[in-house]
Amino acid sequence: MIGQLALKADSGVPKSAVKEVNIAGRSLAAKFDAIDKAGDSGDLAGTKKEFEEMVKLAEILDNYVPKVFACPMKCEGEKTYPAAGKCPKCGMAITQLKSHADHDAKHGGTFFMAPDNKHHLEGTISAKKEFRIYFYDEYTKPIEPGKFTAEGTAWTSGKDVDKPLKMTVGPKKEFLTGQVDEAIAFPIRVKLFIDFKDKEKPQVFDFEFTEPSKEPADTDKDKEEDKEKKHSHG
Ligand SMILES: [Zn+2]
Ligand SMILES: [Zn+2]
């Protein structure tokens, strides 16, 4: 399995290393079973030994994970680099980003990590009941929905009348969007099946919204508009 992933053109693993990655991957899988067995039999020393070997195997694999660097000041926004260096804007040393370090919602919605451990997504709903799904990579960098498709159902929490929810790609390809049926009221539940087109079955995600999602920027804007007593728009 890991060997197959390593063979992909965009895996970042050089062809010459695919064999090593494959062996390490297989051995790692076997270690899980060995640790399980040693643990079950109460063999503490054995468990520790297996665990240490497992860490070494994981380190071999980690060497081949593509690295991602960016300026800590975010001078270039979401721009990233594959190797260490200096930020062309401020000259600071760019630092390696950690995957899965950021699981915060960006649009005031509900944030999930997909079961593939790679994609993240966020569901939001507006006062007019437009439901959106934003996608992110493992560094929580926004990605276009691309080939992803999604469909599901929405219903009022506590009521068992659900309505189909069809999702389409948004106008700027920033998200998938779908209109929740007029008859559905807050608190709104959504069950969505997302197909990541990765040959796996569509993954199911459950959302519950007690009220419309608020963009973090909207909250600031609302305050300013209150101050200036201007009309709101949108
Ligand atoms: Zn910079
Ligand atoms: Zn994550």
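Modeller: Two strands pair if DSSP finds at least two bridges between them. Keep that handy as we walk through this predicted model.

Biologist: Thanks! Which residue in E10 stands opposite Ile 133?

Modeller: Strand E10 covers residues 176–179, and E5 pairs with E10 in the antiparallel sense over 4 bridges. Within that pairing, the residue facing Ile 133 is Leu 176.

Biologist: And what is the bridge partner of His 120 in E5?

Modeller: Start with E4, residues 120–125, which runs antiparallel to E5 and is joined to E5 by 6 bridges. The two strands form a hairpin with 4 residues between them, and Lys 129 in the turn has a positive phi of about 65°. In E5, His 120 has as its partner Tyr 136.

Biologist: Which residue takes a positive phi in the hairpin of E5 and E6?

Modeller: E6 spans residues 142–143 and is joined to E5 by 2 bridges, running antiparallel. Here Tyr 136 stands opposite Pro 142. The hairpin has 5 residues between its strands, and the one with a positive phi, near 60°, is Thr 140.

Biologist: How many of the 7 residues of E5 are buried?

Modeller: A residue counts as buried if 20 or more other C-beta atoms lie within 10 Å of its own. By that cut-off strand E5, residues 130–136, is mostly covered, and the number buried is 5.

Biologist: Over to the helices: is H2 roughly parallel or antiparallel to H3?

Modeller: H2 (residues 18–40) and H3 (residues 44–62) pack with their axes 9 Å apart, at an angle of about 160°. Angles over 145 degrees count as roughly antiparallel. Therefore the arrangement of H2 to H3 is roughly antiparallel.

Methods. Residues are numbered from 1 along each chain as its sequence is written. Chains are lettered from A and ligands numbered from 1 in the order in which they are written. This is a predicted model: local features need pLDDT of at least 70, side-chain atom pairs count only at pLDDT 80 or more; totals for chains, interfaces and linings use all residues. Axes are lines fitted to C-alpha atoms, for helices over the stretch in contact, and angles run from 0 to 180 degrees between N-to-C directions. Angles under 35 degrees count as roughly parallel, over 145 as roughly antiparallel, 65 to 115 as roughly perpendicular and the rest as oblique. A residue is buried if 20 or more other C-beta atoms lie within 10 Å of its own, exposed if 12 or fewer, and partly exposed in between; C-beta atoms are placed from the backbone.
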